[in-house]
Amino acid sequence: MIPPLRDHVPVPTSARNLPPPVVRTGPWRWMRANLFYSPWSTAATLLFVALFAVLAPPLLRWAVLDATWAGGTRDACLDAAGGLRPGACWVFVKVRFGQLMYGFYPVAQRWRVDAVALTLVLALAAVLPWRPAVQRVAALVGAPLAGAALAWTAGGWTAALAAAYLAAPLLLAADCEALDRVRQRSALARAAAVLAVAAAAGWAGSVLAGAPWAAAWCALVLGAGVLGLRFRTVRAAALYLLALVFPVLAHALLVGGGPALPVVPTEQWGGLFLTLTIGLVGMGASLPLGILLALGRRSELPVVRLTCIGFIEFIRGVPMITVLFLASVMLPLFLPEGVGIDKLLRALIGVALFSAAYMAEVVRGGLQAIPPGQREAAESLGLGRAAVMALVILPQALRIVIPGIVNTFIGLLKDTSLVAVIGLLDLIGMIKTATSDPNWLGFASEGYVFVGLVFWVLCYGMARYSLSLEQRLRTGAPSS
Amino acid sequence: MAGGGVDDRGVSQGPPREPVWTARRVRALAIQGVILAVLLGLLAWGIDNAIHNLQKAGIASGFRFLGNRAGFDINFRLIDYSPASTYGRAFVVGALNTLTVSLLGIAAATVLGFLLGVGRLSRNWLVARTAAGVIETVRNMPLLLQLLFWYTAVLAPLPRPRDAFSLGGVAFLSNRGLTVPRPLTADTVWMVGAAAVLGAAAALGLALWAARRMRLTGRRLPVGWAGLALVTLPAAATLAWGGVLLGWEVPVLKGFNFAGGLTLVPELLALWLALTLYSGAFIGETVRAGILSVPQGQVEAARALGLGPAGVLRLVVLPQAMRVIIPPMTSQYLNLLKNSSLAVVIGFPDMVSVFSGTTLNQTGQAIETIGMTMLVYLAISLAISAAMNLYNRKMAIVRR
């Protein structure tokens, strides 16, 4: 006689009549288990406690208790006899704060940097995957705050521009019948319409802001997006704009030109602004370049493969400083006479090439991890070589190597500090200049501690974000 | 019938004939030809521009400058060098300095890395948190910043030689660096090295014999300690009684600086400190990942066999962890070598500073100096990479 099936389901142990496990909690129990569980452990604990007891009080006194916070001149950090006061002089950082953030960007024009930074933060918030809870909080609190900040810092036209930029993804992804009907017109008519709009925008741009090409390009991309493409999600549309429109807009706004925006040459860029510019441009350039190099390294064509291997191994075998020297000293030699390249651009080329080689190796790791069955299955479905790569292999490969990509980004952000060696005034270059100012000698520690803190927050934040992303993707998909 | 097509009965024979330009091989050749042509064209264009630009600026080219008088001094050197020496000699001095600081850094960073890695996995909460704190602090700040911090904010404000910190009256720490006693040796100093080499050979023999004996009888010998004794004791004995060591030259304060002794300049100290901490933090993470990669079951099985905690770590966990640790650790070593080029920022005369810095500025021969600098790093990197690939193949799990 077969018993009913559910009688076979075992009763979980916890449901039987066992006594509850003995709970060992409380601070003393915890200390016994984690600090004093063996003679060696006790010795180590005591040693470290002693170490902290010796080191922590002077550090705390220097950084907080004896430190000088108020004031605006060097005299605030001097005692009655004219000697330096014992604690840290944070007044130094306070006085130099503007330069550490913007370099020598004219004070009256700094709102342009703020506007670009705010737009970027919002655009990234729309594109990057966040935990839903974070998303909700950001939408409720962040967006109005950011909008207000934008309007306050930028005022009038720029705020309108940024708002238009932020609203554009909604338009591109809008589920609108009228738009769909327009999209069914002949390709020729749509292309003509887009070109006409772009030309008009170029004319308007040249009259209003002295930036005809930027305006025409933005209109072209937007028009092509509205009339030619159909985005399923706002995020996809935002990504499209971030990749194609944002760099051009940011460049036009930061460099300037025309009556409304005086030109700010890149020699005046500096501080955290320059560090982030180099870091972000490097990230944006190194990922696609690295993917191309990784694909090239796995190519069947010997010339392509050997060129890519040669490039990757060469760059990975030499220090970044020499690559920067190469870009800043040797690059001008190889160009025709009279073709000057901006110093910042040279550094950007060096940084992008350098991190592309490392990125290529990270991506290659992902490509190698995709089982060959994926390619075979995709090919048997009739996909061509490019489609197999773009639709099947790369999305999986890149997802596997997200931690590696973020690690490379973190390394890149730290490595941007080397541009100080070729004379750019990034955050490190700025603090070096500031600490050697004869009026402020003797405050190097404060400066370096502050800059270190800024870098630490940026890099640690990226690492934590990567970690959470990794965990979420792993729970989402059982593969890999 | 050659090629494909359809015969008169309408039955397909073989693949349909392709037009010549879509045939795979033809297309592949064409693509590669175009790429090669573009690359070579770019190269030729660049070289043409360079020749023109160099002529215009009146800069010589070629490697003749290596024999010219350098005219600048180098404050830290392992071989004889003076401003009257040649650029070629300066190149060697720079390369040796890069190797010196790299080897010092690798040795210290390995020790620190293992301490941090094992420490972060410790059951002791305080030890684990401290190690994690050090690693996360150091890893997330640029090395350049740390280097500047140690050099400008820590070592530069040290007291002058007159008020130097005395370490037992024989070594002194001041803003001129760390001055330590220098051993005075006779010409027969090579005997110490010879004794060490002989001892190492004996230790190797012992290790091979002990391994054979363990396979046959299962009994183990303390090979590690015996080997250490075999290498160090004969060398120490030669040093002590062979009449090699004549005495120590203890530094003494003379005027504004120390006379005699060996001085580690503050640039070297700062670079060593920064490289050790930075690479040590990364190696710590590597070690931790390696130890975590050994399945817990291995530890449990080893303990079930009666091994103590030290035995478990030494005989079971570490040998398996090393397989995972060594490749990333090598790339950390290579990173350290490349990072040592930051010396140029604080003025330590390494490869980059001496050659891509001073020599480049004096001669203007950018292509030659930067090229030679890159070649040195490239040669070391490629050599170590090749050695690592060999090692990896040997260590890989043999599938039977």
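In chain A, 68% of the contacts with a separation of 6 or more are between residues 24 or more positions apart. The model is a predicted one. The secondary structure of chain A consists of 20 helices and zero strands. Among the 480 residues of chain A, 30% are classed as buried.

One of the helices, H4 (residues 110-127) of chain A, comprises 18 residues. From its first C-alpha to its last, H4(A) reaches 26 Å, close to the 26 Å expected at 1.5 Å a residue. The buried residues of H4(A) include Arg112(A), together with Val113(A), Ala115(A), Val116(A), Leu118(A) and Thr119(A). Leu122(A), Ala123(A) and Ala126(A) complete the set of buried residues in H4(A).

Within chain A, helix H15 (residues 343-369) packs against helix H18 (residues 402-415) at an angle of about 165°, and the two axes are 9 Å apart. Because angles over 145 degrees count as roughly antiparallel, H15(A) is described as roughly antiparallel to H18(A). The crossing of the helices H15(A) and H18(A) is right-handed. On the side of H15(A), the contact is made by Ser355(A), Tyr358(A), Met359(A), Val362(A) and Gly365(A). H18(A) contributes Gly404(A), Ile405(A), Thr408(A) and Leu412(A) to this contact. By class, the residues of the contact between H15(A) and H18(A) are five nonpolar, four polar and no charged.

The contact between chains A and B takes in 43 residues of chain A and 46 residues of chain B. On the side of chain A that touches chain B, the elements giving two or more residues are helix H2 (39-65), helix H13 (302-317), helix H14 (320-334), helix H19 (427-435) and helix H20 (444-476). The largest share of this side, nine residues, is supplied by H20(A). In terms of residue class, the side of chain A that touches chain B has 30 nonpolar, ten polar and three charged residues.

Across the two chains, H13(A) packs with helix H1 (residues 24-57) of chain B at an angle of about 40°, with the axes 8 Å apart. H13(A) and H1(B) are therefore oblique to each other. The contact involves Val303(A), Val304(A) and Thr307(A) of H13(A), while H1(B) provides Gln32(B), Ile35(B), Leu36(B) and Leu39(B). The residues of the contact of H13(A) with H1(B) comprise five nonpolar, two polar and no charged.

Technical notes:
Residues are numbered from 1 along each chain as its sequence is written. Chains are lettered from A and ligands numbered from 1 in the order in which they are written. This is a predicted model: local features need pLDDT of at least 70, side-chain atom pairs count only at pLDDT 80 or more; totals for chains, interfaces and linings use all residues. Axes are lines fitted to C-alpha atoms, for helices over the stretch in contact, and angles run from 0 to 180 degrees between N-to-C directions. Helices (H or I, at least four residues) and strands (E, at least two) are DSSP runs, numbered from the N terminus. Angles under 35 degrees count as roughly parallel, over 145 as roughly antiparallel, 65 to 115 as roughly perpendicular and the rest as oblique. A crossing is left-handed if the near helix is turned anticlockwise from the far one by less than a right angle, and right-handed if clockwise. Two residues are in contact if their C-beta atoms, placed from the backbone, lie within 7 Å. Ala, Val, Leu, Ile, Met, Phe, Trp, Tyr, Cys and Pro count as nonpolar, Asp, Glu, Lys and Arg as charged, and the others, Gly among them, as polar. The expected span of a helix is 1.5 Å times one less than its number of residues. A residue is buried if 20 or more other C-beta atoms lie within 10 Å of its own, exposed if 12 or fewer, and partly exposed in between; C-beta atoms are placed from the backbone.
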